Structure formats: C-alpha cells, structure tokens
Amino acid sequence: MKTVVITGATSGIGFETASLLTEKGYEVIGIGSSAESCSSAEKQLLLRNPSAQVRFYNADLMQLSEVSRIAKVLKEDLEAHCGNLYALINNAGCVRSWYMTTAEGYEQQFSLNFLAAFLLTYELMPMLKKSRGRVIMTGSKSHKGVNVHWDDVMLSKCYNPLLAYKQSKLCDTLFAKGLNDMFAAKGIRAYVVDPGLVKTDIGNRKTGALVNSIWSFRKHFGKAPSEPAKTYAFLCEQQIEPKGFYYHNCRENAYSKVVTSENAARLFKLSERLCGIRYGEVF
Ligand SMILES: NC(=O)c1ccc[n+]([C@@H]2O[C@H](COP(=O)([O-])OP(=O)(O)OC[C@H]3O[C@@H](n4cnc5c(N)ncnc54)[C@H](OP(=O)(O)O)[C@@H]3O)[C@@H](O)[C@H]2O)c1
C-alpha cells in the first residue's frame, strides 16, 4: 500500500484529496492544526469509507518548532509501518488581513504557506528517497505577476496581505522547481497543483471583516474542493512519474516566468538560513 502525507487535510481541498486517495486505496496520514479538527476529519472520512486507511496528527505548522516535532512523529510512524513515503502533499495554507507573526517572528502566510513545507519536506526526504517519491505543492494562479521581495521577504516594512499570499504561492512554486533541480535525477519529483478558485472557508478564518465578506461573496463562484482533488490523485496515480511540473485540472499549465532555477536557488539559500538546515546534506 502506498502512503501519502497530506498537510491541511482536515477541510477543503486537503480533506477531499484525502477522501479520494483513500477511496483509491492509498494509506493517508493527514495533518491538521488541532486535535479536534483532526478527530472530526478522521471520523468523516471513515463515515464515507469505513475501510479507509487513514490516521491524523495535529501540529501548528505555522511554528517551525512544531514542524520539526511532527516530522519526528511522522518518521517514527512511517518506520513502524512501511518505512517509506510515496507522496507528500504540502497543502496547509492560510490567508491573513494584516501583519501577524509566528512565535519565531516570521510572517504567518510566508511561514505556513511556504516555510513549513520547505522544512517538512527536508525532514521527510530520506523516506521519500526510499520510494522515489513525489512532492506536491498546492500553488495558486495568483503567483503570477509578483516577484519575491528578496530584501524583505516577510514584507514587514510595507505589508500588503494579498501580496504576502501571492508571494507565498510563488515561493511554493519556486520550491518545487528547486527540488526538481536538485533531486529529480535522484528519483524524487516535485509538482505544483493550481486548484483554481475553490469554494472553501480559507478567507473566513482569522481574517478581518473586509476580507471575510469579500471571500464569502467570491467563494460562491468557486468549484467544489472535490474537483482539484482529482489533479492530486492524477499525479499520484501515474505509474511512471509525470514529466510536467505545473498542473491544473489534470493538465499541464503555464506558470510565471519568475520561476527560474536561479530564483529557486536563491530561495533555497534564504529559506535554509531561516530554517537552519542544508538541503545539500540531505543524502
Ligand atoms: N480555496 C481556493 O480558492 C484556493 C485557491 C488556490 C490555492 N488554495 C490553497 O489551497 C490550500 C488549502 O486551502 P483550502 O482552500 O482548502 O482552505 P481550508 O479549507 O481553510 O483548508 C486549510 C487547511 O490548512 C490547515 N491549516 C490552517 N492553519 C494551519 C496551521 N497553523 N497548522 C496546520 N494546519 C493548518 C487547516 O487545518 P485546521 O482546520 O485543522 O486548522 C485546513 O486543513 C491552501 O494552501 C490555499 O492557499 C486555495
């Protein structure tokens, strides 16, 4: 049985992806921010499919210390079961209305939407290596048209929450590009799924009245989260790893010209410093 770890699996896109993958016979380990959301998601998945192979762990992935803690738990869990990881889906994400930082002092959208994935993937690389695994990032069309603010990546000097969100999704895409540059030859491949506009509550959580009401209106034009779930399943199901990179509706799609090897290497350097790790030393 192939094991897939999904962050942000308690609701929205992550939950529907977990549901579809368990239906297709994958073993799913879901991560959510609280014990309550995890237990509720696990119950709902088992109600849908009583024979689903699924278990959840909770961690506040916004905090890098929590990412390190849960990575250790996941490694122990995987060692005790199959010993490897077929796919890691870095999907947990948030939207903010104003500048908010984590305990480590990092801007919250940057920290959860990108940095947590950067660190978690690093920690799980040995398990991914064993199965020549796949890393799937949840991206967004909104990454197009922005650049990385290299001199102030947390945007602390002039904060714009929408720009911070878009930049975090550009970083997700650059991260996947950099992973392929470094590890595709070793058998680990990374992809980005652009889900499109999806009807979830992401803009209604911990946001101010304005963002809340704009999102409440906008989300009604979105598709059901079960739609983008099909693209994650498509990327997991191909026996021979797909050669594309950026996917929308199970098809390759165009991405920003800013997504270059040079920018990916620059992001790796910066993020390695923020996380205190070195990807070059991973194997
Ligand atoms: N909806 C869209 O139109 C859209 C479009 C493009 C991209 N996306 C991306 O899709 C991804 C999933 O979002 P969604 O729309 O499905 O929203 P969602 O339903 O709000 O899902 C967000 C998920 O992230 C988890 N999460 C939030 N904060 C966390 C934390 N501190 N630690 C651990 N997990 C945390 C949530 O878990 P808990 O419930 O346990 O907190 C939940 O499972 C995000 O990366 C988002 O940027 C969404």
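Helix α2 (residues 35–48) lies across strands β2 (27–32) and β3 in this predicted model, and the direction of α2 runs at about 170° to that of β3. Helix α4 also packs on the sheet, where α4 touches β1 (3–7), β4 (87–90) and β5 (134–138), and the direction of α4 makes about 175° with that of β4.

**Sheet**
- Eight strands form an open sheet with mixed pairing, in the order β3-β2-β1-β4-β5-β6-β7-β8.
- Because β3 (53–58) and β8 (251–252) stand at the edges with a single partner strand each, one side of each is left without a neighbour in the sheet.
- Strands β6 (residues 189–193) and β7 (residues 246–248) run parallel and are joined by two bridges, and Val 192 stands opposite Tyr 246 in β7.

**Nonpolar core**
- The largest nonpolar core has 77 residues, of which Val 4, Ala 116, Val 135, Ile 136 and Phe 175 touch the most other members.
- Helix α4 (residues 108–130) contributes the largest share of this core, namely 14 residues.
- When neighbours within four places in sequence are left aside, Ile 136 is in contact with Ala 87, Ile 89, Tyr 191, Val 193, Tyr 232 and Leu 235.

**Surroundings of the ligand**
- There are 31 residues around the ligand, and those that come nearest are Gly 8, Gly 12, Gly 32, Ser 37 and Gly 93.
- Helices α1 (12–23) and α4 are the elements that give two or more residues to this shell, and the largest share, three residues, comes from α1.
- By residue class, the shell divides into 16 polar, twelve nonpolar and three charged residues.

**Residues with a positive phi**
- Most residues other than glycine have a negative phi.
- Lys 206, although not a glycine, has a positive phi of about 50°; this lysine is found in the loop between β6 and α6 (209–218).

Technical notes. Residues are numbered from 1 along each chain as its sequence is written. This is a predicted model: local features need pLDDT of at least 70, side-chain atom pairs count only at pLDDT 80 or more; totals for chains, interfaces and linings use all residues. A nonpolar core is a set of buried Ala, Val, Leu, Ile, Met, Phe, Trp, Tyr and Cys residues joined through C-beta atoms within 7 Å. A residue is buried if 20 or more other C-beta atoms lie within 10 Å of its own, exposed if 12 or fewer, and partly exposed in between; C-beta atoms are placed from the backbone. Helices (H or I, at least four residues) and strands (E, at least two) are DSSP runs, numbered from the N terminus. Two residues are in contact if their C-beta atoms, placed from the backbone, lie within 7 Å. A residue is near a molecule or strand if its C-beta atom, placed from the backbone, lies within 6 Å of it. Ala, Val, Leu, Ile, Met, Phe, Trp, Tyr, Cys and Pro count as nonpolar, Asp, Glu, Lys and Arg as charged, and the others, Gly among them, as polar. Two strands pair if DSSP finds at least two bridges between them. Axes are lines fitted to C-alpha atoms, for helices over the stretch in contact, and angles run from 0 to 180 degrees between N-to-C directions.
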